[in-house]
Amino acid sequence: MSAVQQVTVLGATGSIGLSTLDVIARHPDRYQVFALTGFSRLAELLALCIRHVPRFAVVPEVAAASRLQEELRAAGLSTRVLVGEQGLCDVASAPEVDAVMAAIVGAAGFRPTLAAVEAGKKILLANKEALVMSGALFMQAVGKSGSVLLPIDSEHNAIFQCMPADFSRGLGAIGVRRILLTASGGPFRQTPLAELERVSPEQACAHPNWSMGRKISVDSASMMNKGLELIEACWLFDAKPSQVEVVVHPQSVIHSLVDYVDGSVLAQLGNPDMRTPIANALAWPERIDSGVAPLDLFAIARLDFEAPDEQRFPCLRLARQAAEAGGSAPAMLNAANEVAVSAFLERRIRYPEIASIIDEVLVREPVVAVNELDAVFAADAKARSLAEQWLQRNGR
């Protein structure tokens, strides 16, 4: 590995991507941007390229690529623009790359993340869908390539920090009784149930503690995000769903905990700022400055905990059911949720109907084994089709 690590940031214009670039910019002696990718925010991507001068940039469409290439040339940059999924896979697996921040939201990030794994890169995993859709195949690829997989979700990074280095031996072997996955409860934690029918996308996106993209903000409001994280935790730490307990912690200061058989419970605390887990993973096993302010316990003063209400958060129940069912169920859960959340953000459905769509998809389509990627993508496509049928049938 070179003295200055080359980093590809998949999803550079999103909140995780921007936080990653902030940390990288604080340590120019350690990190250099190899490639930046963006989806629709091309003006922002151009500005990031001008600031960080990557060797490559990737956008989804040819027309956008031509326009960005012209603008980069006009700015005096030699950055080369690539197109589409193949471009993403190329910059994720390039021989010069040391680390890949996998921060593309949704199923779109699956193939480039897998390409990085197969190339043996250090993976900073912020795209939870890669593990949700195909945990077994993904972890097999990690084992085969020798890739280093480091979790970026604040909760999984907290668990990682609270585990011994040899946790891959299994939870029983290292004396772990259970994993306690914390959740803020989102903006609707105390909203009267009857009012959930009328909540708007803007209300769902107004997270009390974190600044995130619209899709993940809705997932946080419904606690589907926590359900996906439960599935992800099972794969990352070789845990059964019954060994992962969700705890609502409104302050978002304790990011997760690990309960050991001797009665010890280790927790990772910090201000709710994604630069902490990003810096932890970038420099692992070392520690570097992230730019995050020190935690002021006196200002926080109290820490509260409560059990999640599955009547209020049916998506969490559906995710746990999918985790227990295994096979194609998590991929179907994820796909149906993506369709439903998109429809909610477009004001085509009411907020509670997100769970209704997911529930129907999981009931209608039988769970099958997923022993190859084709089966994963078939389950994903089938679930999307069934979710779209629900929308059509209900005039949405």
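Visitor: Are Phe 188 and Tyr 351 buried or exposed?

Guide: Phe 188 is buried, as is Tyr 351. Buried stands for under 20% relative accessible area, exposed for over 50%, and partly exposed for what lies in between (1.4 Å probe, protein chains only). The model is predicted, so local features need pLDDT of at least 70 and side-chain atom pairs count only at pLDDT 80 or more, while totals for chains, interfaces and linings use all residues. Residues are numbered from 1 along each chain as its sequence is written, and side-chain values use heavy atoms, with hydrogens and water left out.

Visitor: How many aromatic pairs does a search of the whole structure find, and what makes the pair of Phe 160 and Phe 167 edge-to-face?

Guide: The search finds seven aromatic pairs. Rings of Phe, Tyr and Trp (its six-membered ring) pair if their centres lie within 6.5 Å; planes under 30 degrees apart are stacked, over 60 edge-to-face, and the rest tilted. The centres of Phe 160 and Phe 167 are 6.0 Å apart and their planes stand at 85°, so this pair is edge-to-face. Both Phe 160 and Phe 167 are buried.

Visitor: Why is the pair of Phe 188 and Tyr 351 called edge-to-face?

Guide: The ring centres of Phe 188 and Tyr 351 are 5.1 Å apart and the planes are at 75°, so the pair is edge-to-face. This pair links distant parts of the chain, 163 residues apart: Phe 188 is in the loop between β8 (176-183) and α8 (201-204), and Tyr 351 in the loop between α14 (329-345) and α15 (353-364). Helices (H or I, at least four residues) and strands (E, at least two) are DSSP runs, numbered from the N terminus.

Visitor: How do you know that helix α7 is mostly covered?

Guide: Eight of the nine residues of α7 (residues 154-162) are buried, among them Glu 155 and Phe 160. The buried residues of α7 pack against β7 (148-151), β8, α10 (224-236), β10, β11 and α11 (275-283), contact being heavy atoms within 4.5 Å.

Visitor: What makes Lys 226 and Glu 155 a salt bridge?

Guide: A salt bridge requires a side-chain nitrogen of Lys or Arg within 4 Å of a carboxyl oxygen of Asp or Glu. The closest N and O atoms of Lys 226 and Glu 155 are 2.8 Å apart, and the pair forms a salt bridge. Lys 226 in helix α10 and Glu 155 in helix α7 are 71 residues apart. Lys 226 has a relative accessible area of 6% and is therefore buried; Glu 155, at 10%, counts as buried too.

Visitor: Why is Glu 245 called partly exposed?

Guide: The relative accessible area of Glu 245 is 36%, so this residue is partly exposed. Glu 245 forms a salt bridge with Arg 178, with the closest N and O atoms 2.6 Å apart. Glu 245 lies in strand β9 (residues 244-248) and Arg 178 in strand β8, so the pair ties together parts that are 67 residues apart in sequence. Arg 178, at 29%, is partly exposed.

Visitor: What separates, and what joins, domain 1 and domain 2?

Guide: The domain assignment, which is automatic or from a database, gives domain 1 (5-151), domain 2 (153-311) and domain 3 (326-395). The centres of domain 1 and domain 2, taken over C-alpha atoms, are 25 Å apart. Across their interface the rule finds four salt bridges.
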